[in-house]
Every structure is written in structure tokens, then in C-alpha cells.
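I opened this entry to look up two things.

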Amino acid sequence: MKSIWCATVTTVAAILTVSCTDSAPTAIEPQPVAMNATSTAVLACDLTRTMIADVRSWFPQPERRDAQETVRSLADACTVGNTTLVTELAVALLGSMEALADAGRGGDALVGSRLANALLACTSGEGCTAAALPDIDLSAALSLPAGLFRIYTGDMAAPAIARGLVPFVDFDGNQNAALFGVELSGGWSWTAANGGTPLVLLYGAPVVEGGLDLLEPGFGGLQYDVKRWPRPGPFVGDDIVHVGACFTSEVTLPHDHETNESAQPRMQREGTLLSAYSPTFCPPGDVPQQASLLGPIATLTRSVLPARWLAMLSDVRTPRVGGSALDFSRFAPVAADAEGRLEMLSGPASVATLGQSIGTIVIRALSGGGTPMERVRVTLYVFGNSGVPAGAVLVGDPSGYTIENDGTVAIAGLTINKTGGYTICARGELSGFTFSEACSGLFHVRR
């Protein structure tokens, strides 16, 4: 018999400001979470025998004794069909695995991966059955010094911090190391397939091979693979989940002395630069700063040299880098070229009717390196030419934010209040970046 779910968990989404003048749209509202209730049906419990052996193998002393008692109680609860207790005990054992993984005291990674998969199956509400196994490879998350294995149960849990430092060579050719982590700035909401789940697992590790193709300069090959289970269901609210890295020594970012643009520290997800975020799990007191190459006479020269000259003699240093991620995938810290541009992928109709929509206009925001960018505020406006009547304006909301998937924004429903010939242009805003504008060809509004 299928179990019945009967409680909810609500969380609050955080909003991240992404420009100096405007705030990003409100985060997606959390979804209710169905919780498990007791069932009198006999459950499928074909995994429990293997789980008992794996607990004995993977858990060290003195935790092994309590873990063995817990898994035996889980097996008994499964036999009598108590889905609530099965789920509760499985979550407790997963939490114990998380603590041991953080301490680097777990056993064989392959055994741990098999055990964790079985425990996740036990939270399905259908018992501890092979049919519910998620079949995910958790060996890297449970074995590497910087592996990530973190359980969230709907409350405000602590940041998911990696267990060790990842070595890399920085832009100056110096040996450095980075602490990688994932954290929440608000609560978690989720809905799984087949009725719900009482937990979410974040897992991942540094990418050894098959990383992202980067258009921006990467931070010494640092790349990470982060996933979540379960995958189905609505995404977490935007700007709640964050990925980032803290460096043992400050990294000096590249500076283009021809354009006077300093690269910006960012995290890149697949093909998109993420919104800036400063991880709170980094050591306190360190913030990105301008590092003058003038040495001890910097204070004096700032009052003498023009700002353009100072820009050419300065670089940006940072002890950390981060980004806000709507979903999980492969990530890499990059130094993004701050001199970006806009592209108009779809312009207005060549002929529009007065008082009716001029069509859907699609704009893409790109960094100077050509990487699509999320959360760029794009605003459309009428660009004057000899055929435009005086006082013509766009009617409707001419602004929007580019999305994470491909750095595009679609703005629709705009009308123009006078007949004539027009050109529509787009400008972009994001703190730390500049964008060249994009304009349409000439189109006409008629009665």
C-alpha cells in the first residue's frame, strides 16, 4: 500500500542585489513538502541485509555500535511496514555518514556509496527496495579530501563546506589552494517524484577530467562537480543556493592595460557566468580589494596621478570567489572579462500596428570573453532618428533580467504611442561590468 504524506515545511527565499541601482526579481516561492506517515502495509525490504553488512564495514568505532543498532531497528521497522520510522532512521544514518565524511573517518568509498544509495531508497516511502535505488556514484564525494556529502532536511542547516583544500597554480604562477563549498542563504524547498522526500542530498567533488570549456581565464584549472538528489521537482528559489571557493593566498586577477578593465572574480556554471556571491564560510575579514602596484607611495600618488593612470597601475586581488546558482552542475572559478556586450537575437516586427505589440525582443548579455551572463538588467528604449515623431515612447515594462541558462532575456508586450519609423536599442547593467549596446534595424508603426 502506498504511504500517505501529511505535513509541510516552508522556507524563505533570499534576494541578492545584482546591480547598483536595481534589485533582482523576487526568488521563487518555496513549495510545500509532503512528509511520511505510518503505514501498516508490509514493505519491500530486500536491501536491509546488505545494509547491515555495509554499516559494519563502513562505520568506524565507536560509532559502529550505535549505527548497527540503528540499522537493525530500521530493518525491523521495514518488516512491519512502519514507513515513518524507516524514513526517520535512514535519515539519521545518512546524517551520521555526513559527520564521518566531514571528519575523514569513513570506510571504503565504494561501500559507503552503496550504503548511502540504500538509505536514500529507504526514504522513498516504498520501503528499502532495489526498485527505489537512485544509483548515483557517491564514491568521490565520500573519498576525496575535498569531497562534498551534505544532507538537508528542510531546516536552516550549516553551510556545506568541503573537507579539504584543492591545490592550484594562480595567475601569477604561484602555488595556492582553495577551500570549496556550497551553502544556503535561506531555507530549502523541494518536491520529489512519487509523493515527496524528507531530505535533499548535495554531493560532489573536484573535477579531475572532462571539465568545462572556459571562455574566461580559469583559476588554475579549479573545477567542481556538484549535484543534488532528488533531481525531479521545482528548483530551489533563485539566490538561495551558492557555490564558492576561498583561496589560501589572495589571487591577483588579470588586468587589461589597454582598456583599463580589471577582470571580475566569478563562478561559471556550464556556459554561463553566475551572479556574484561572497561565501560566508571563508575566513572573516577578507574582501576583494584594489592592489596598487605603486607600493608604499600609493597614497601620495593617488592625489597626483590621473585616475586613468592609476587604473593602469592597479589590479584586483581577491581571497574568494562565488556565485548564486539556481541549479547544480559543473562549476569553475573564472576571471571574467568585464568589458561585455549585448546581442539582439530577435528584434521587433518590421511593421507593427499602433497600440499593438511590436513583438518579442530577445537580448543576450555576454562578457568580454563571450560567456553568457545571468542577472544582467536589460532595458529597451527608443533610439531617435529623422523618422521618429517627437515624444514617442515605449509603453509597457521595457526591462528584464537575463536568465542563467543562456544569458538571454525576452521582453514582450511593448507598444509605441505614435506612428512612424523607429529603432529599438538595449542597454545592460550589472555591477562591475560595462556593456556595449545593441540596436535593431529600422521598423515602422502604422495605423
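**Notebook: rings and sulfur links**

I began with Phe-219, which counts as buried at 2% relative accessibility. I kept in mind that this is a predicted model.

**Entry: the partner of Phe-219**

I counted the aromatic pairs and found seven in the structure. I then took the pair of Phe-171 and Phe-219. The ring centres of Phe-171 and Phe-219 are 5.1 Å apart and the planes stand at 75°, so I noted the pair as edge-to-face. I looked up where the two rings sit. Phe-171 is in the loop between strand S2 (160–169) and strand S3 (175–184). Phe-219 is in the loop between strand S4 (200–206) and strand S5 (224–229). The pair links distant parts of the chain, 48 residues apart. Phe-171 has a relative accessible area of 28%, so I put it down as partly exposed. I also looked for a wider group. Phe-171 and Phe-219 form one aromatic cluster with Phe-168 and Phe-247.

**Entry: a second ring pair**

Which kind of aromatic pair do Phe-180 and Tyr-224 form? I found that Phe-180 and Tyr-224 are stacked, at 3.9 Å centre to centre with 5° between the planes. Phe-180 lies in strand S3 and Tyr-224 in strand S5. Phe-180 is buried at 0% relative accessibility. Tyr-224 is buried at 0% as well.

**Entry: charges over rings**

I looked for arginines over rings. Arg-427 has its charged end over the ring of Tyr-381, 4.2 Å from the centre. Arg-375 lies over the face of Tyr-401, and I read 5.8 Å to the ring centre.

**Entry: the disulfides**

How many disulfides does the structure hold? I found four. I numbered the bonded cysteines in sequence order and got the pairing 1-2, 3-4, 5-6, 7-8.

I read 125° about the S-S bond, and the link is right-handed. Both Cys-122 and Cys-128 are buried.

*Cys-246 and Cys-282.* The sulfurs of this disulfide are 1.9 Å apart. The link is left-handed, with -80° about the S-S bond. Cys-246 lies in strand S6 (residues 241–252), and Cys-282 lies in the loop between strand S11 (275–276) and strand S12 (289–292), so the link ties together parts that are 36 residues apart in sequence. I checked burial here too. Cys-246 is buried at 4% relative accessibility. Cys-282 is buried with a relative accessible area of 7%.

*Cys-425 and Cys-439.* I read an S to S distance of 1.9 Å for this disulfide. The torsion about its S-S bond is about 105°, so the disulfide of Cys-425 and Cys-439 is right-handed. Cys-425 is in strand S23 (residues 420–429) and Cys-439 in strand S25 (residues 438–439). The two cysteines are 14 residues apart, and the pair links distant parts of the chain. Are the two ends buried or partly exposed? Cys-425 is buried, at 0% relative accessibility. Cys-439 is partly exposed, at 43%.

Methods:
Residues numbered from 1 in each chain as written. Predicted model: local features only at pLDDT ≥ 70, side-chain atom pairs only at ≥ 80, totals over all residues. Heavy atoms only, no water. Disulfide = S-S within 2.5 Å. Buried < 20%, exposed > 50% of the residue type's maximum accessible area, 1.4 Å probe, protein only. Helix = DSSP H or I, 4+ residues; strand = E, 2+ residues; numbered from the N terminus. Phe/Tyr/Trp six-rings, centres within 6.5 Å; stacked < 30°, edge-to-face > 60°. Lys NZ or Arg CZ within 6 Å of the ring centre and 35° of its normal.
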